[in-house]
Amino acid sequence: MSIDAQGVVRALVRAAEAGHERPVGAVRRPTIIVSRTMGSGGDAVARGLGARLGLEVYGSEILDAVARQAKVDRKLMASLNEYAVTAADAWLYAAFFAKNVSRDDYLNHLAATLRGLHRLGGVILGRGAFIILENRPVLRVRITGSVEACARRVAEEDGIDFEAAKEKVRDSNHKRGKFVWDMFRRRLNDPTNFDLVINTDKLPSTEPVVDMV
């Protein structure tokens, strides 16, 4: 589902800053958080859920909003998302951002953004949202698969050989797992982090997954 990123930013800021309650009888739009392994089909599942339920899908738009709040370049914030900030290397990020950027700075901006999106409702991809919003009324879904099955899909989609695809999947798994551990001290593959975990290895398409969710 294609949406206006700047419109998302404006809407979520308004939602996050709104102090009034919803009108009596108003129905909250659902929030579904999709965490996924590269090659598992998680992105397609998120798009399918958005289309089926009439919800916006928030992926890179979250980074746009975080960067807007932090007043930094989006590409650098994307790098922060891939490689979590620790006390030991905060000086490196300070050099990039010309300001002190700590783990807490990033988490504060990210949490504020995700709380705003939760007020709007929608499908949220990754970004540790399953932890930040775990005590709110959301559905947390993990879409996963074996390295081999995911690599076969990546090889076909990217036009690369199987071994290169396996390395790409392993590298992605490591980076995403490291981000969650460094930021939240939680294991990404712990099933207790999610309400529903689906292995797509033997599923022919993403439609059955959308049906299950």
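This is a predicted model: local features need pLDDT of at least 70, side-chain atom pairs count only at pLDDT 80 or more; totals for chains, interfaces and linings use all residues.
Residues are numbered from 1 along each chain as its sequence is written, and side-chain values use heavy atoms, with hydrogens and water left out.

Step back and you get an open sheet of five strands with parallel pairing, in the order S2-S3-S1-S4-S5. At the edges sit strand S2 (57–58) and S5, each of which pairs on one side only. The names come from DSSP runs numbered from the N terminus, with helices being H or I runs of at least four residues and strands being E runs of at least two.

How covered is S1? Six of its six residues are buried, where buried means under 20% relative accessible area, exposed means over 50% and partly exposed is in between (1.4 Å probe, protein chains only). Thr31, Ile33 and Ser35 point one way from the strand, while Ile32, Val34 and Arg36 point the other way, and all are buried.

The C-alpha atoms of valine 57 and glycine 122 are separated by 6.0 Å, although the two residues are 65 residues apart along the chain.

Now follow the chain out of S3. Arginine 127 lies in the loop between S3 and H7, and it has a positive phi of about 65 degrees although it is not a glycine. Most residues other than glycine have a negative phi. Arginine 127 counts as buried too, at 18% relative accessibility. Arginine 185 is another non-glycine residue with a positive phi, in this case near 55 degrees, and its place is in the loop between H9 and S5.

Next, helix H8 (residues 147–158). Its twelve residues reach 16 Å from the first C-alpha to the last, close to the 16 Å expected at 1.5 Å a residue; the expected span is 1.5 Å times one less than the number of residues. Ala149, Cys150, Ala151, Val154 and Ala155 are buried in H8. An α-helix has 3.6 residues a turn, so residues three or four places apart point the same way. The buried residues of H8 pack against H9, judged by contacts, meaning heavy atoms within 4.5 Å. After H8 comes glycine 159, whose phi is positive, near 65 degrees.

What about the aromatic rings? A search of the whole structure finds two aromatic pairs. Rings of Phe, Tyr and Trp (its six-membered ring) pair if their centres lie within 6.5 Å, with planes under 30 degrees apart counting as stacked, over 60 as edge-to-face and the rest as tilted. Phenylalanine 130 and phenylalanine 194 make a tilted pair, 4.6 Å centre to centre with 35 degrees between the planes. Phenylalanine 130 lies in helix H7 (residues 129–132) and phenylalanine 194 in the loop between helix H9 (162–184) and strand S5 (196–199), so this pair ties together parts that are 64 residues apart in sequence. Both of these phenylalanines are buried. The rings of phenylalanine 179 and phenylalanine 184 have centres 6.2 Å apart and planes at 90 degrees, so that pair is edge-to-face. Phenylalanine 179 and phenylalanine 184 are both buried as well.

Finally, the overall picture: the protein chain has ten helices and five strands, and 44% of its 213 residues count as buried. Among contacts with a separation of 6 or more, residues 24 or more positions apart account for 71%.

Conventions
Two strands pair if DSSP finds at least two bridges between them.
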